[in-house]
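Here is a walk through two spots in one protein fold. Have the model open and follow along.

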Amino acid sequence: MNEYILSLINTLSESHSLTLEQYRTLIDARCVATAALLAEKAAAVRKSIYGNNVYVRGLIEVSNICKNDCLYCGIRRSNRNCDRYRLSKEQIMECAAEGYRLGFRTFVLQGGEDSYYTDDVLCDIVTDIKSHYPDCAVTLSMGERSRESYASLRRAGADRYLLRHETADKVHYESLHPAEMSFDNRMRCLHGLRELGYQVGCGFMVGSPNQTAETLAEDLKFIEEFKPDMCGIGPFVPHKDTPFRDHPAGTVELTCYLLSIIRLIHPPVLLPATTALGTIHPEGREMGIQSGANVVMPNLSPVSVRKKYELYDNKICTGEESAQCKDCLSARMESVGYRVVTDRGDIKK
Ligand code: SAH
């Protein structure tokens, strides 16, 4: 590793900031030695804030019905081979009850942009979860909605919102989405959520088609400036029924490298080792945690629908019951020296 790269890593650790050009250089300088040094520094920073604790979020995949047609996503509206479903309020409440019993104190409701979930319907569900489980956080990941909608959901008790920015480069964004979707609107949503008092998560896929070191540098700069409470990054994984079916998946190495850099940019950020990372490598999530991540998201959806929420091919954790999924992840975390805790897991500021 040359002196200049070493100096960039030191600057990043100390000032939590680099220029766009420096981020690009650091991305291009990835090798076994730079990755190991970044991971070591990221793990130390994470440890100083969160110890060996890993937070769990119970993921409830509420619907795979979506009005959008994102080119990378398996539940895009034009995929005729997708077997569509939506959970009823009763099913969602059953998932939450099971999750609470298993020690989850955050529930993440994620789904396609399904018009069934009007503000009234979704607010009712959020209110019900919050009244049954006042010690739990409710995170929504239901895509782009109006400012008024986000405000109503916040009033109903939603604590957090995950909306990956997908890429901070407008031209790149437009190559991943159909013309009717707008980069500017996605960014407006993220800023609006922040103003409404949500803990906000952004994020992107690693290795998406047309991604370059330049676009990734823009993602890192955006994270540095936006300072999200949460940041979801995982490898792009192709889905057989999408236009990107023949595009190669992102790599574990680059995903872990970026996890380390993001930890150093924004030390307290809540950073999941994602299911996509576990999909492309059997120990992907353990490697993510060792690179600086501190969150895992076991699946709490009813087993009957899990295979249908197929954003990408070969998604893991679709066969087992929720309890098995949580036990499996707990054991995996322990195998690398961490422990899963029963806690809302808010960001430590
Ligand atoms: N409708 C919600 C939830 C989308 S699914 C929303 O718009 O936010 C959650 C995330 O899965 C997406 O933000 C995207 O980054 C990721 N995703 C979708 N397709 C993927 C694929 N083929 N490979 C990896 N990640 C994918």
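Predicted model: local features only at pLDDT ≥ 70, side-chain atom pairs only at ≥ 80, totals over all residues.

Leaving aside residues up to four places away in sequence, R105 touches Y100, D135, C136, A137, T342, D343 and R344. You'll find R105 in the loop between α4 and β3, the strand at residues 106–111.

Is R105 buried or exposed? Its relative accessible area is 15%, and since buried means under 20%, R105 counts as buried. Now look at where its side chain goes: it reaches the backbone oxygen of Y100 at 3.1 Å.

Next, move along to helix α14, which runs over residues 322–335. With 14 residues, α14 reaches 20 Å from its first C-alpha to its last, close to the 20 Å expected at 1.5 Å a residue.

Which residues of α14 are buried? They are S322, C325, K326, L329, S330 and M333. These residues cover an arc of only 130 degrees around the axis, so they sit on the same side of α14.

You've come across α4 already: the loop holding R105 lies between α4 and β3.

One last stop: just after α14, G337 takes a positive phi of about 90 degrees.

Methods: Residues numbered from 1 in each chain as written. Heavy atoms only, no water. Helix = DSSP H or I, 4+ residues; strand = E, 2+ residues; numbered from the N terminus. Expected span 1.5 Å × (residues − 1). Buried < 20%, exposed > 50% of the residue type's maximum accessible area, 1.4 Å probe, protein only. Arc of directions from axis to C-beta. Polar contact = N/O pair within 3.5 Å; in protein donor to acceptor, adjacent residues only side chain to side chain. Contact = heavy atoms within 4.5 Å.
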